[in-house]
Amino acid sequence: MSRPELKGRRVTVVGLAKSGVAAARLCAREGARVTVTDRREEKDLAAALAALGPDVRRRLGGHDLQDFEAAELVVVSPGVPLANPELRAARARGVPVWGEVELAWRFLPPGTPVVGITGTNGKSTTTALTGALLARDRRTFTGGNLGTPLCEHVLSGAPADAVVAELSSFQLEGIDRLRARVAAILNVTPDHLDRYPDVDAYAAAKARLFSRQEPGDAAIANARDDRAMAMAGASRGERYTFGFGEAAPCGARTADGEPGAAGAAIWVAPSGRAPERYLLRNRALRGRHNRENAMAAILCARLMGVPGDAVQAGLDAFPGLPHRLELVAEKGGVEWVNDSKATNVDSTFVGLAAFPAGAPRVVLIMGGRGKRAPYAPLAPLFAGRVKALLTIGEDAPAIERELGGLAPTEGCGTLAGAARRAGVLAGPGDVVLLSPACASYDQFANYEERGEAFRRLAKEHAR
């Protein structure tokens, strides 16, 4: 793929979130006549506008159809639906409409392999882990929907022998020729149905990741997810699977049930080779969901040629992602685990299930601003697992009504109060788990701020 010639061309960039700003800067660097447009007013875009040069034309507070129809290229931020009427008008006139990742991919050095990872759940952890495994063997950029936009990487000029990109459905809507040497689909469950008419349309957006693969590429899918298997099966590359059960050719497998004291054994069988054994014993990757994430990441790394010993070392060293089952303190035999990213019931279910049942040892902190979803689906996980339930925030009464009879329960009001009480209740072998099942906005600006507060409180109250 040759680099596009943008010098002197009229380019309209739609949406001024960080991806759109990076795309506008890249187009301006290449000599394009750039117009940026956003429905938000100038007063709401101060930081974004400060990053743009004086030669970039601004059209704010709404869109002008002329900026779309007269453009020679339109670049779209992921948050802007392609069903936008101005974008439809541009396509009707034959104007190319690219997503930010498509633009960036076309400016990567020729031959740079891309590992693309998508899915409803787990893609951030899998992307970060895959990037960490590849980085043990070569210069690797890891980003996309996770962290740094791909256009920002191109602008940096930093050398990379491989790119590992988390790709959301919104980003994948806007790809045209982007080719992933290795593409992985982790799972598909209903999501973003405010943007898509149904789950089939949502899945179709993700399936575009496989549409440009060539023979010799690899498509990885979750063996227990029929939609994911069908999506990967449409690739012209070779299909690999991961899941639970007996070792399988062209795939990764691990035993179902709780892993032993040595960790979970993962068997990986690249095409035409004998199965290889890896051990997942890192507490940052605890839980059934992380075994799936790890299997996908190992396949990505091995298919990219990372040596097996480097893969095992990378699994052992991976620090995890902030606010996702993150161990933030450990003292007196008590672990303090920050799962502030669990802002809904499904996420808390996954987080709580990561700790084995058998003896009540989890002091669980839940609450915040609820999302009108029932908490009752968590009830089956309480028996033999939850030692105490501490509630905080606006939805504490609802949590107590639905779950309060399943374990000793105390309303603590604030996170500080819950951490103080947890420090008293938790003993050797216990886990203090912040997994709120709620948004943070009643007491914090976002889940990151809530997680950072818990980190500080854990260090204060660990004894």
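Predicted model: local features only at pLDDT ≥ 70, side-chain atom pairs only at ≥ 80, totals over all residues.
In the hairpin formed by strands S13 and S14, six residues lie between the two strands, and among them Gly272 adopts a positive phi near 75 degrees. Strand S14 (residues 276-280) is mostly covered, since four of its five residues are buried. For residues 117-301, the UniProt record, an unreviewed entry, lists "domain: Mur ligase central". That span is 30% helix and 23% strand, and the C-alpha atoms at its ends lie 12 Å apart.

Glu86, Leu87, Ala89 and Ala90 are buried in H4. Viewed down the axis of H4, these buried residues fall within an arc of 160 degrees, and they therefore line one face of the helix. The elements that cover the buried residues of H4 include strand S1 (10-14) and strand S4 (73-76), together with helix H3 (65-69) and strand S5 (97-99). At the start of H4, a side-chain oxygen of Asn84 comes to within 2.8 Å of the backbone nitrogen of Glu86, whereas the helix is followed by Gly94, a residue whose phi is positive, near 85 degrees.

Helix H15 (residues 415-425) likewise contains buried residues, namely Leu415, Gly417, Ala418, Ala419, Ala422 and Gly423.

The side chain of Glu102 makes a polar contact with the side chain of Arg106, at 2.8 Å. When neighbours within four places in sequence are left aside, the residues in contact with Glu102 are Gly174, Ile175, Asp176, Arg177 and Leu178.

Leu45, by contrast, is found in a loop, the one between strand S2 (33-38) and helix H2 (46-50). With a relative accessibility of 2%, Leu45 counts as buried, because the cut-off for a buried residue is under 20%. Once its neighbours within four places in sequence are set aside, Leu45 is in contact with Leu16, Asp38, Arg40 and Leu60. Leu45 and Asp137 are separated by 92 residues in sequence, and their C-alpha atoms are 40 Å apart in space.

The cysteines were also examined, and the structure was found to hold zero disulfides. For Cys250, the closest cysteine sulfur is that of Cys300, but the two sulfur atoms are 15 Å apart and therefore too far from each other for a bond. Cys438 is also in no disulfide, and the nearest cysteine sulfur, which belongs to Cys412, is 14 Å away. Cys438 is a buried residue, with a relative accessible area of 0%.

Technical notes: Residues numbered from 1 in each chain as written. Heavy atoms only, no water. UniProt positions renumbered as here; feature names shortened; annotations may be inferred. Buried < 20%, exposed > 50% of the residue type's maximum accessible area, 1.4 Å probe, protein only. Arc of directions from axis to C-beta. Contact = heavy atoms within 4.5 Å. Polar contact = N/O pair within 3.5 Å; in protein donor to acceptor, adjacent residues only side chain to side chain. Disulfide = S-S within 2.5 Å. Pairing = 2+ DSSP bridges.
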